[in-house]
Amino acid sequence: MYVGALELDVLLGDVQSLKQKRAVVRPLVSELRRRFDVAVAEVGGNDLYRRAVIGVSAVSGEAGQVREVLEACERAVAEHPELELLSTRQRMLGPQD
């Protein structure tokens with residue numbers, strides 16, 4: 001079994017309040033969950049209205065499959081015009097860990 005985790009640090013565009021932030025982040029989280037069948041949540045920057053850290057995790061019997069899914073999630077987030085992807089961090093756990 002392989003478990004992959006992806007951390008996405010994003011800068012939100014023209015957002016002036018936490019309410020506006022939720023209006024951007026919630027649909028993004030739902031889209032990733034629906035399109036890629038992954039576990040996803042906002043995991044950081046909760047008190048900042050222009051920044052968010054989104055965590056994504058996937059599980060599979062194949063390490064390559066986990067990497068493909070996480071990379072596809074990263075590309076999907078980068079394609080959103082209302083935000084800027086500042087950094088990403090990917091981690092993988094396998095049977096030997």
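Arg35 is partly exposed, at 47% relative accessible area (buried is under 20%, exposed over 50%, partly exposed in between, with a 1.4 Å probe and protein chains only). This is a predicted model, in which local features need pLDDT of at least 70, side-chain atom pairs count only at pLDDT 80 or more, and totals for chains, interfaces and linings use all residues. Residues are numbered from 1 along each chain as its sequence is written, and side-chain values use heavy atoms, with hydrogens and water left out.

**Salt bridges**

- The structure holds 4 salt bridges (a side-chain nitrogen of Lys or Arg within 4 Å of a carboxyl oxygen of Asp or Glu).
- Arg35 pairs with Glu31, with the closest N and O atoms 2.9 Å apart; both residues lie in helix H1, 4 residues apart, about one turn of the helix (helices are DSSP runs of H or I, at least four residues, and strands of E, at least two, numbered from the N terminus).
- Glu31 counts as buried, at 15% relative accessibility.
- Asp9 forms a salt bridge with Arg51, at 2.6 Å between the closest N and O atoms; this pair links strand S1 to strand S3, 42 residues apart.
- Asp9 is buried at 16%, whereas Arg51 is partly exposed at 31%.

**Nonpolar core**

- The largest nonpolar core has 25 residues (buried Ala, Val, Leu, Ile, Met, Phe, Trp, Tyr and Cys residues joined through side-chain atoms within 4.5 Å).
- Strand S1 (2-12), helix H1 (18-36), strand S3 (51-60) and helix H2 (63-78) each give two or more residues to this core, and the largest share, 7 residues, comes from H2.
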